[in-house]
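Here is a short briefing on salt bridges. Have the sequence and the model open as you read.

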Amino acid sequence: MQPVTSTEIEDEKPDREERVRRIIHVDMDSYYASVEQRDHPELRGKPVAVGSPSARGVVLTASYEARPFGVRSALPSLTAKRLCPDLIFVPARFDVYRSVSAQIHTIFAEYTDLIEPLSLDEAYLDVTDNRQGIPIATEIATRIRARIKDVTGLNASAGISYCKFLAKMASDLNKPNGQAVITPKHGPAFVEGLAVKKFHGIGPATATKMERLGILTGADLRAKSLAFLQQHFGKPGTWYYNISRGIDDRPVRPDRERKSVGAEDTFIRDIFDLGAARGEILPLIDKVWRHCQNKSLHGRTVTLKVKYTDFQIITRSRTEATPFGTTEEIVAAVEALLAPLFPTAKGIRLLGVTLSAFTDDARSERADQLQLEI
């Protein structure tokens, strides 16, 4: 599908009364791998994967040279190496990635206060009213991408639209190092022609369920009534009903509340014993607890994540009436969730712990969702 490259979003009058918003989604291209290629010239032009090459390692990010081989993020490292024998693995340097991300966000702030970070390498910007008084959102996106290149040496792609959903979809249209616009006029038609499995926010399981219901494209989704979608998908059914019509009224929120803090670890050898699992889970709990203490976060829900050797993932949660007050309380809750899983015939390759349902009192902070690195 060809991206829309006109600037109609700035000039077109919408069907509804309110002024058309100008939303930019900025997404760094192959961020971790690009940082490594920038800092290590010998890696440029070569297939690179950031991550561990160990038997239990996974690819965090793959360079564009590696992607034609099928190497992508979250792929097991052994599989990636099999697909691309010349693949070069480099260890992650999260301190560097965070430092560069701070530079990028400083550039965003030159244009708008309304910045909603999604991760180290992507963010939404509302530039409807921007600091530099530039009326054309595509021009702002072009300037931001040029500033990022000048300051960091890295390429960024951008999507411009009247809502967050379509800005996110647009940022993928001209990757790498490009940008695209989806206007109010073209938004509904763009969604209609898109396969639902490519919708941002619709995962493989939901896409499969939709396909069983005869929903393969945005047009199929739009043909379903609100009642039908709510019946089969619950609360998200309303969201699917709206986005199938190109409607997304979510604001860009620079003060998004933190949703969760989590840590997880993948093991060199499978775990079959409860005692061994307890030994591995304690450092994860400690890491999560220390971070929450440093940020004055107080959560009521603890979630245990387990990935088995066959890659099946299960989660178990426990919610208290009041926030957990000590690390010992979290340990007791997690162990209560862990014990019923043993004995197990399948080995466990990964364990994770997440604290969520943070209180809204004065002790809590506003920040982005975080997954702690191990």
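Buried means under 20% relative accessible area, exposed means over 50%, and partly exposed lies in between (1.4 Å probe, protein chains only). This is a predicted model: local features need pLDDT of at least 70, side-chain atom pairs count only at pLDDT 80 or more, and totals for chains, interfaces and linings use all residues. Residues are numbered from 1 along each chain as its sequence is written, and side-chain values use heavy atoms, with hydrogens and water left out.

**Salt bridges overall**
- The structure holds 17 salt bridges (a side-chain nitrogen of Lys or Arg within 4 Å of a carboxyl oxygen of Asp or Glu).

**Glu 110 and Arg 147**
- Glu 110 is partly exposed, at 27% relative accessible area.
- Arg 147 is partly exposed too, at 28%.
- Their side chains form a salt bridge at 2.6 Å, N to O.
- This pair links distant parts of the chain, 37 residues apart: Glu 110 sits in the loop between helix 4 and strand 5 (115–119), and Arg 147 in helix 5 (residues 137–152).
- Helices (H or I, at least four residues) and strands (E, at least two) are DSSP runs, numbered from the N terminus.

**Lys 168 and Glu 122**
- A salt bridge joins these side chains at 2.7 Å, N to O.
- Lys 168 lies in helix 6 (residues 164–170) and Glu 122 in strand 6 (residues 122–126), so the pair ties together parts 46 residues apart in sequence.
- Lys 168 and Glu 122 are both buried.

- Within it, the Asp 39 and Arg 93 side chains meet at 2.7 Å, N to O.
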